[in-house]
Amino acid sequence: MHVVAVAVLPEAPIFELAVPCEVFGIDRPDLVDPWYELRLCTVGPGRTRVAAGFEVDSPHGLEALAAADTVIVPAYKDVHELPPPELLDSLRVAHGRGARVAAICTGAFVLAAAGLLAGRRATTHWMHAEALSRRYPDIDLDPFVLYARDGRIFTSAGTAAGLDLCLELVRQDHGSAVANMLARRLVIPPHRGGGQAQFVETPLPRAGNSLAWLLDWALARLDQPLVLSDLARVASCSKRTLARRFQATVGMTPMQWLLAQRIRRAQQLLEATDEPVERVAQLAGFGSPANLRQHFHRATSVSPLAYRRTFRHRGTAA
C-alpha cells in the first residue's frame with residue numbers, strides 16, 4: 001500500500017491540511033483496492049494544535065514521514081519563521097530515499113528551507129511569491145501556475161490548487177479514469193492543468209462572451225490539425241482578440257489549452273482502448289507517433305506505451 005505522510009505543524013491552516021486527508025485518507029475500494037495509507041505526522045509528541053482550535057492526535061512522528069512513499073507539506077502558518085530543523089532533516093531523508101515530495105501553498109517555504117527547491121521549478125500562492133523568490137533566489141519560481149512539477153518535487157498555489165495537485169498525484173498513480181471519478185465524487189473539475197493561471201480575469205464567463213461553444217467545437221475536432229487561426233475564424237475575431245479572451249477566461253493561451261486537451265485525449269485512449277500508438281496519435285491530433293511521444297513525455301514524464309502498461313486495466317469502476 002502506498003503510504004502518504006502529511007506533516008502536521010502547529011497552527012497549520014485547516015483547509016490545506018484537510019485536502020490530503022480527504023483525497024488520500026478515505027478508503028475507496030470500488031475505485032482502487034488498496035487505496036492509500038494516510039499518516040498524519042506531527043513534529044513533537046502528543047497533540048498538535050492547528051488553526052481554528054482544532055487538534056491532531058496521531059501516533060506518527062517524523063520517522064514515519066521520512067519512511068513514506070509520498071510526503072505532503074500543507075501551508076505553513078508564518079512564512080517569516082524558519083521551520084523546525086528536525087522536519088527539514090526528515091524531508092531530506094525522505095527525498096534522498098526516493099519519496100515523492102509535495103507542498104501545498106506556503107508549504108513551498110518548508111521545502112525551500114530544506115534545500116529541495118534549489119535550481120528547481122516551483123510555485124506558491126501568488127501573495128507570497130515575491131517573498132519566496134527574494135529569500136531563495138535559486139528557485140526557478142513561476143508564480144502564475146496552479147501547480148508545478150520538477151522531477152519528484154511538486155508545489156502548488158493556495159487553497160483549491162492543493163486539490164488540483166492531489167488529484168494530479170492520484171492521476172499519476174492510478175490513471176486519468178480513476179482521477180476523473182474521484183473528482184466527480186469531490187464535485188470538482190476533473191482536471192485543471194498545472195499550467196493554468198492562478199488568477200483569471202473572468203473565472204465564470206459572462207453571458208454573451210462565453211467560450212464554451214468554441215471549446216466544445218474544438219474538442220469535437222481534436223483529431224484535426226487545428227491552429228490558432230482556425231479557432232479565431234470560428235470565433236469570428238482576430239487571433240490577438242481570441243488570445244486575450246482565452247487568457248482572461250481560461251487562464252492560458254488557446255494553443256496551451258488545445259495541447260492539454262490532446263494529452264488528456266491520448267491518456268483516455270491509452271487507458272480505455274487497444275488502439276495502436278500510431279492511431280492514438282492521429283485521434284488525439286498529434287499527427288505522428290514521434291510528435292505524440294515528445295509532448296506526452298514532456299507532460300507525464302513517461303512514454304505512451306509505459307503509460308498504457310501502467311493504467312490499461314485501471315479505472316473500470318462505475
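Buried means under 20% relative accessible area and exposed over 50%, with partly exposed in between, for a 1.4 Å probe and protein chains only. At 0% relative accessibility, Ala 179 therefore counts as buried. The model is a predicted one, in which local features need pLDDT of at least 70 and side-chain atom pairs count only at pLDDT 80 or more, while totals for chains, interfaces and linings use all residues. Residues are numbered from 1 along each chain as its sequence is written, and side-chain values use heavy atoms, with hydrogens and water left out.

Ala 179 sits in helix α7 (residues 176–186); helices (H or I, at least four residues) and strands (E, at least two) are DSSP runs numbered from the N terminus. Leaving aside residues up to four places away in sequence, Ala 179 touches Leu 167, Val 170 and Arg 171, where contact means heavy atoms within 4.5 Å. Between Ala 179 and Leu 31 the C-alpha to C-alpha distance is 9.3 Å, although 148 residues separate the two in sequence.

Arg 171 leads on to the charged side chains. Its relative accessible area of 4% makes Arg 171 buried, and Glu 168, at 13%, also counts as buried. The two side chains meet in a salt bridge of 3.2 Å, N to O, a salt bridge being a side-chain nitrogen of Lys or Arg within 4 Å of a carboxyl oxygen of Asp or Glu. Arg 171 and Glu 168 are three residues apart in helix α6 (residues 160–174), and so about one helical turn separates them. By this rule the count comes to 14 salt bridges. Among them is the pair of Arg 120 and Asp 150, with the closest N and O atoms 3.2 Å apart. Arg 120 belongs to the loop between α4 (107–113) and β7 (121–122) and Asp 150 to strand β9 (residues 147–150), so this pair ties together parts that are 30 residues apart in sequence. Asp 150 is partly exposed, with a relative accessible area of 23%.

A polar atom of the Glu 271 side chain does, however, lie 2.6 Å from the backbone nitrogen of Ser 176. Beyond residues up to four places away in sequence, the contacts of Glu 271 include Gly 175, Tyr 307 and Phe 311.

Turning to the aromatic residues, the structure holds five aromatic pairs. Rings of Phe, Tyr and Trp (its six-membered ring) pair if their centres lie within 6.5 Å; planes under 30 degrees apart count as stacked, over 60 as edge-to-face and the rest as tilted. Phe 24 and Tyr 36 form an edge-to-face pair, at 4.9 Å centre to centre and 85 degrees between the planes. With Phe 24 in helix α1 (residues 14–24) and Tyr 36 in strand β2 (residues 36–42), the pair ties together parts that are twelve residues apart in sequence. The ring centres of Trp 35 and Tyr 36 are 5.0 Å apart and the planes are at 85 degrees, so this pair is edge-to-face as well. Phe 24, Trp 35 and Tyr 36 form one aromatic cluster; Phe 24 and Tyr 36 are buried, as is Trp 35.

Definitions and conventions. A polar contact is a pair of N or O atoms within 3.5 Å; within protein, one must be able to donate a hydrogen and the other to accept it, and residues adjacent in sequence count only if both atoms are side-chain atoms.
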